[in-house]
Amino acid sequence: MKRKTYIAALLLALVIAAWAGGYWNHTWVSHSSSGEHTGDTAAFTWLSADKPPLPEVLINGQKLQIRRESYSWCQSISSLSDRSCVSADSAALFETAGPSGLKTAVAQPNSPIQIQAPKQINNLSIQRLDPRSGQLAEDSSYTTPAQAGTYYYLIHCEWLADQGNADFSFGVEIKDSST
């Protein structure tokens, strides 16, 4: 009986120590000389920007216009306990895309889409909007479609240390190669 009590107490102490260690490593923030907010480990860095930075998208060397859509973003003012967070919502991409909305770039069919992620990205994904249904397509890839038409893409980014997440959009017009 003593042995079971000892093992249970030891396991409880390990769980508490693991939680406390993770909590401490993700909340301690100090300032570096460059103005970025850094923690007590090199892996913890917040960008000192008031909005999520834009990714850069190129197709055949042509830089595309990127639009920031909905986002949630935090920045430290003087310490982690003194931070400012904001959420901004935008209309759905298919509601604002087109002549009065997002400017499209002309590209050839099956061209590679190159994305330069913003600094301190934890996760980045890309999805193409299906022009017929207005829904995100299941077959999104880093290559323009083979068929002529206008296509819109959504990039989702998440930053390290829970600083924020954002959606970005861009448009591509595929010209029929036979014309």
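I'll start with a sheet: three strands make up an open sheet in the order 5-4-9, with antiparallel pairing. Strands here are DSSP runs (E, at least two residues), numbered from the N terminus, and two strands pair if DSSP finds at least two bridges between them. Strand 5 (62-63) and strand 9 (113-116) are at the edges with a single partner strand each, so one side of each has no neighbour in the sheet.

Before I go on, this is a predicted model, where local features need pLDDT of at least 70, side-chain atom pairs count only at pLDDT 80 or more, and totals for chains, interfaces and linings use all residues. Residues are numbered from 1 along each chain as its sequence is written, and side-chain values use heavy atoms, with hydrogens and water left out.

Back to the sheet. Strand 4 (residues 56-59) runs antiparallel to strand 5, and two bridges join them. Leu58 is opposite Lys63 of strand 5.

Next, the cysteines. How many disulfides are there? Counting a pair of cysteine sulfur atoms within 2.5 Å as a disulfide, the count is one. Cys74 and Cys85 form it, with sulfur atoms 2.1 Å apart. This pair links distant parts of the chain, 11 residues apart: Cys74 lies in strand 6 (residues 67-79) and Cys85 in strand 7 (residues 82-88). The S-S torsion of Cys74 and Cys85 is about 115 degrees, so the disulfide is right-handed.

Last, accessibility. Buried means under 20% relative accessible area, exposed over 50%, and partly exposed in between (1.4 Å probe, protein chains only). Cys74 counts as buried at 13%, while Cys85 is partly exposed at 45%. Cys157 is buried, at 0%.

Key
Helices (H or I, at least four residues) and strands (E, at least two) are DSSP runs, numbered from the N terminus.
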